Amino acid sequence: MANSKNARVANDKNTKKQYQPYMEAEWGFINHWYPAAFSEELAEGEMKGIQIAGIPIVLRRAKGKVHALLDQCLHRGVRFSAKPMCLNEETITCWYHGFTFGLEDGELKTIVAAPDDKLIGTTGIQKFAVEEVAGMVFVFVCEEDWDEEIPPLKNDLPIRFPEKNEEFPHPLWPDTPSLLDDNVVVRGMHRTGNANWRLACENGFDAGHLLIHRDNAIVQAKEWAVPLGIKPLDDQAIAIIEDDNGPQGFLNRYFTDSYEPVLENPILDIKAYGENPKYFRTSMFLPGVLMVENWPEEHVVQYEWYVPITDDTYEYWEVLVKKCDTPQVEKEFEYRFENLYKPMCLEGFNDCDLMARDAMQNFYSDGSGWDNEQLADMDASVIVWRKCASNFNRGIAQAPKGVKGSTKGQSKDFAAAALGDWPGMDAYATGREYDKS
Amino acid sequence: MSSAEAVAVEALTSKVTFRFNDGVEYEALSNEGESLLDVARGNEVPVIHQCLTGSCASCICKVDTGEVSMETERLMSLLPSEAKEGFRLTCTAYADTDCVVDLDYPSTFSEDHEASQSVITINEFEWVNHNTVRIVADLADDAEMESFEAGQYVQLKVPGTEEWRSYSMSSTVRDLPEVTFYIRVLEDGVMSNYLRDRAAVGDELEIDGPYGVFYLREEKVPQIMIAGGTGLAPMMSMVDTLRLGNFRRKPVILAFGCSFEKDLFAQEDLELREGWMRNLDVRTCVSRPEGEWGGHNCRAQFSITQDDITDPETIAYLCGPPAMNESARDHLESLGVKGENIHVELFETV
């Protein structure tokens with residue numbers, strides 16, 4: 001047993017070598033679709049600044065349509081969203097020196113106080129493709145020189161049913177709904193987590209972390225029989241989903257013979273409690289979207305995204321999707337969402353996950369955690385995800401320059417900390433209407 | 001000065017125009033007996049050079065107009081086919097008439113890639129096949145080398161001797177201060193003897209670099225890399241640099257050849273990269289297989305066929321023994337790759 005304290009069985013150096021690109025993706029993957037806002041957060045005429053994978057993006061809805069442009073004026077680099085100004089429905093104007101860009105193409109159309117400037121018509125800012133579906137706005141966040149056909153949004157969302165019923169049968173909850181189905185209602189929330197986006201992804205499907213949910217109110221109140229953990233037994237436990245023209249990732253075959261729920265630990269004399277069996281299944285897809293089927297109630301699916309903002313912050317998205325064929329079904333679901341699932345699941349239950357990811361950040365933030373972690377058998381799906389992500393991503397986001405988070409400890413961050421917040425942050429978070437009068 | 005004398009002086013001096021690929025031109029007068037490199041150095045023309053003896057090939061140029069002769073007695077690392085196409089090593093070439101020579105790198109290259117001297121400490125020492133070692137080493141904290149181009153090399157001083165040898169990094173600038181080398185261990189040779197008999201983790205070696213103008217041109221065209229033996233090292237740096245730059249939309253072919261299967265190495269690393277880059281096609285070639293061999297049974301260059309040349313601007317990189325480089329250049333040109341798009345690294349096996 002010599003050296004047993006230093007044994008690294010599940011994740012030795014040779015294994016790590018196999019997912020090097022994932023290690024390199026500190027700022028996320030690029031050339032993918034990411035959620036950017038809920039539709040209701042962008043009323044007609046409104047503007048909102050966000051940042052994804054180190055790229056500042058400004059969203060604006062004009063004549064009903066959402067546009068996305070680089071949120072950085074090419075003149076002096078300020079964010080348009082810091083002080084929204086739009087002087088007509090076709091353009092966005094920089095509040096500082098009046099550089100005005102077309103919403104459709106990003107081109108420099110005019111400059112408020114210099115309409116004859118020679119730059120006009122010769123330059124512009126990057127424009128991003130947008131899709132709005134089921135109350136969510138998605139942006140295709142790509143490199144500036146992307147010149148290929150944009151892959152369909154469905155390739156960056158979880159697999160769909162019934163088309164995958166045969167491959168991944170689930171007799172207990174047939175036809176898991178999808179964001180892309182007809183008559184679906186999508187309800188959810190998003191907020192910022194203070195950890196690297198990869199730590200958040202891995203927490204999402206980590207089979208060994210159920211312990212943190214043991215005492216959650218919803219688990220207790222509903223007497224859910226949530227195991228202490230779920231242990232993979234064979235190589236069928238995890239199915240890799242590789243498809244050049246569809247979602248790519250993996251699925252955990254929970255509640256089949258390939259996984260065993262761990263119900264007690266006799267050494268510690270601890271047992272899973274709860275009388276009501278709780279069957280669910282997790283799967284994860286590029287660029288980092290989790291699907292929890294049959295959760296938190298029957299025939300509902302929870303999606304989660306962990307959208308990289310910087311290399312140490314991510315936007316945590318949680319949405320519930322349910323097929324509602326009648327107004328009555330929708331009304332009842334809305335009620336349960338507002339009064340039960342939002343406070344007790346998306347907040348209560350998943351707050352524990354948010355805390356766990358933040359708690360990992362110190363260990364991983366300088367890069368050494370990836371070398372020094374000691375993964376175990378329970379982490380099989382973590383390693384599978386890292387390899388899938390390495391193989392299936394469309395590009396690694398480069399460490400950005402000149403944007404929020406590209407240098408640490410900026411004076412304005414210190415000021416923000418001292419004040420509890422930076423005054424300008426408010427505009428970043430919510431966007432504000434420019435009052436022409 | 002009499003008019004006769006003036007004519008004589010004129011006959012002995014030629015005007016040399018050095019033209020860099022960023023369009024910057026320098027003009028200088030060459031006096032009798034001065035090599036092109038002497039002219040460049042005497043007039044602060046930023047021509048890359050290192051060994052000054054015709055062996056490193058760093059100072060390569062291509063003659064556009066005029067007559068430029070070569071000193072043939074000295075050890076030359078120029079391929080005969082390159083010489084025929086007008087390539088010259090400026091350190092051993094002389095302007096016989098007024099001439100224009102092209103340098104296939106920007107005029108700022110030498111300033112941006114200034115060599116510096118430091119020390120590396122060996123972190124990992126691994127035999128990757130019967131005669132090749134992989135060395136991972138860390139640059140000293142105060143090292144000035146902050147960047148290099150994928151494909152460039154450094155010189156390492158053999159411990160306990162005054163001898164320097166050149167090796168290309170297989171790692172990328174992103175890995176700095178860590179650098180990785182693949183080195184073939186010969187039956188005899190100062191570095192080989194050191195590696196075989198004495199090298200150990202923790203050893204310190206003096207390092208000087210980066211050097212060379214064999215480097216990745218990051219143009220968005222198909223890329224073909226042909227490597228023989230440890231000529232794979234610079235290609236690995238190039239492949240990783242392309243991957244990190246999300247070069248995914250044009251094909252990259254890496255043909256890696258050895259005589260025998262036992263000479264291969266880095267197979268797992270190459271396989272992984274094929275998984276990570278959908279556009280990367282690695283062709284492992286063994287020219288003299290013993291027993292069953294499932295890969296290409298040919299020299300690396302001959303795994304490239306007409307079907308692989310899909311773009312007239314295809315860029316090719318060659319790094320292997322001189323005979324391979326020579327044959328690969330001929331082969332690629334016969335398939336339609338432009339001579340000026342073929343970049344060759346000298347690979348000495350003394």
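First, a term I need: domain bounds here come from an automatic or database domain assignment. This is a predicted model, where local features need pLDDT of at least 70, side-chain atom pairs count only at pLDDT 80 or more, and totals for chains, interfaces and linings use all residues. Residues are numbered from 1 along each chain as its sequence is written, while chains are lettered from A and ligands numbered from 1 in the order in which they are written.

**Chain B**

I looked up the domains of chain B and got domain 1 (3–109), domain 2 (114–211) and domain 3 (223–345). Between the C-alpha centres of domain 1 of chain B and domain 3 of chain B I read 31 Å. Their contact (C-beta atoms, placed from the backbone, within 7 Å) takes four residues from domain 1 of chain B and seven residues from domain 3 of chain B.

**Chain A**

Chain A splits into domain 1 (32–132 + 407–430) and domain 2 (155–392). Their C-alpha centres lie 33 Å apart. I found eight residues from domain 1 of chain A and nine residues from domain 2 of chain A in the contact. On the domain 1 side, strand E1 (32–38) and strand E2 (47–52) of chain A each supply at least two residues. Strands (E, at least two residues) and helices (H or I, at least four) are DSSP runs, numbered from the N terminus. E1(A) gives the most to that side, with four residues.

**Between the chains**

How many residues of chain A are in contact with chain B? I noted ten from chain A, against seven residues of chain B. Helix H2 (20–24) and helix H7 (380–392) of chain A each supply at least two residues of the chain A side.

Note on methods: Two residues are in contact if their C-beta atoms, placed from the backbone, lie within 7 Å.
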